[in-house]
Every structure is written in C-alpha cells, then in structure tokens.
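Biologist: I'm new to this one. Can you put it on screen and walk me through it?

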Amino acid sequence: MKKCFVAIGVVLMLAVVVWFGARDCFSPMNRENVQLPIYTIGDSGYGTALQEGKNIVKFGPAFWGLYPGGLAFKDVLSAEKYMKGNRQLLDKFSEGWAVYRLSGDFTLDTYVRGEGYYINRSLLVVAVGENP
C-alpha cells in the first residue's frame, strides 16, 4: 500500500513538472499592432488548416530551454533561403514546406540563439507568408 502511494506521488509530481515546463506554450499571443512581422516555416498541414479556418499555434520555448521555440525570420526571402539550404532535412519530416506569417512582432517576440532567431512565446500562424 505504501508503494502505491509513493508511485502516485511520483506520477503527480512528474505531471506538475511537465505542466510548469509547457503551460506558457498553450496560450498563444495575437498582437493587434505589428510593426515588423515574423515569418516561420511549416509543412503543408499549416496551409490546409488555414484554409479550413483552424487556429494553428507555433510554440514558443518549453521545458526550460530544451525546445527553443519555433524558427523566426524577418522576411520571406530569409525563410525561403533557410528552406533551400535545409531541404533534405525538412523533407525527412514532411513535404510541402512553405513560409507563414505569425501573429507577433519580430522586435518583441523573438530572440537570438546561436546563429538563428526563435520565437520567445507561442504565436498563431495567421497567413501564408508574403511580405506586406
């Protein structure tokens, strides 16, 4: 009986740790006033979901830095250049990759990690990427 309580306690503690590591990812920000749009890449599922009127969330950092957040680009050309340079890697995961615009502002909602930019909070995918 004591082992059962210990096991339940461990499972509950693990659930709490996972919740605190990922909770901010589940509520995306949708900025009304965007000065500099953020672009990202995604597979064909993003485009299909947008056409169906569904909300798509590009997740920000989670699990204390183990997942850095979605890739972020200042413009469509930068995102397309990244896709061209990483086509073999991307095609291993899915097909039909494209550029999409997010609901955030590049200056407020991204950070630099290594040589790339990442979103610092979860954002909505709002449109197929086109420079305004």
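Biologist: Which residue just after H2 takes a positive phi?
Modeller: Gly53 does, at about 75°. Keep in mind that this is a predicted model.

Biologist: Okay, let's zoom out. How many helices and strands are there in the protein?
Modeller: Five helices and seven strands. From the N terminus on, the order is α-β-α-β-β-α-α-β-α-β-β-β.

Biologist: And what percentage of the residues is buried?
Modeller: Buried residues make up 33% of the 132 in the protein.

Biologist: How much of the contact set comes from residues 24 or more positions apart?
Modeller: Taking contacts with a separation of 6 or more, 75% of them join residues 24 or more positions apart.

Biologist: Back to H2. Which of its residues are buried?
Modeller: H2 covers residues 44–51, and Tyr46, Gly47 and Ala49 are buried there. Down the helix axis they fall within an arc of 165°, so they line one face of H2.

Biologist: What covers them?
Modeller: The cover includes four strands: E1 (37–42), E2 (56–58), E4 (98–105) and E7 (123–128).

Biologist: What happens at the start of H2?
Modeller: Asp43 reaches in there. One of its side-chain oxygens comes to within 3.0 Å of the backbone nitrogen of Gly45.

Biologist: Which residues form the largest nonpolar core?
Modeller: Eleven residues: Ile38, Tyr46, Ala49, Ile56, Ala72, Tyr100, Leu102, Phe106, Ile119, Leu123 and Val125. H2, E4 and E7 each give two or more residues to this core. Another core lies apart from it, with nine residues, among them Ile41, Ala79, Leu90 and Trp97.

Biologist: Now Ser103. Buried or exposed?
Modeller: Buried, because its relative accessibility is 3% and the cut-off for buried is under 20%. Ser103 sits in strand E4.

Biologist: What does its side chain reach?
Modeller: The side chain of Ser103 reaches the backbone oxygen of Met29, at 2.6 Å. Ser103 also touches other residues beyond four places in sequence, including Asn30, Arg31, Val34 and Leu124.

Biologist: How far apart are Pro37 and Ser103?
Modeller: In sequence, 66 residues; in space, 7.6 Å from C-alpha to C-alpha. Pro37 lies in strand E1. Pro37 is buried too, with a relative accessible area of 14%.

Biologist: Let's do H3. Which residues of H3 are buried?
Modeller: H3 runs over residues 76–85, and its buried residues are Val76, Ala79 and Met83. Seen down the axis, they fall within an arc of 65°, so they line one face of H3.

Biologist: Why would residues three or four places apart point the same way?
Modeller: Because an α-helix has 3.6 residues a turn.

Biologist: What's on the face of H3 turned away from the buried side?
Modeller: Exposed residues: Leu77, Lys81, Lys84 and Gly85. Over on the buried side, the cover includes E1, H4 and E4.

Biologist: What caps the N-terminal end of H3?
Modeller: Asp75 does. A side-chain oxygen of Asp75 lies 3.3 Å from the backbone nitrogen of Leu77.

Biologist: Ala98 next. What is it in contact with?
Modeller: Setting aside neighbours within four places in sequence, Ala98 contacts Thr40, Ile41, Gly42 and Met83. Ala98 lies in strand E4. Its relative accessibility is 22%, so it counts as partly exposed.

Biologist: And how far is Ala98 from Gly129?
Modeller: They are 31 residues apart in sequence and 7.8 Å apart in space, C-alpha to C-alpha.

Biologist: Last topic, pockets. How much space lies in the largest pocket?
Modeller: About 230 Å³.

Biologist: Which residues lie nearest its centre?
Modeller: Ile41, Leu71, Tyr82, Leu90 and Trp97, out of 13 lining residues. Helix H4 (residues 87–93) gives the largest share of the lining, three residues.

How values were computed:
Residues numbered from 1 in each chain as written. Predicted model: local features only at pLDDT ≥ 70, side-chain atom pairs only at ≥ 80, totals over all residues. Heavy atoms only, no water. Buried < 20%, exposed > 50% of the residue type's maximum accessible area, 1.4 Å probe, protein only. Arc of directions from axis to C-beta. Contact = heavy atoms within 4.5 Å. Polar contact = N/O pair within 3.5 Å; in protein donor to acceptor, adjacent residues only side chain to side chain. Core = buried A, V, L, I, M, F, W, Y, C linked by side-chain atoms within 4.5 Å. 1 Å grid on protein atoms, 1.4 Å probe; cavity = no way out; pocket = protein on both sides within 12 Å on 5 of 7 lines; lining within 4 Å. Points joined across faces, edges and corners; volume = space filled by probe spheres on them.
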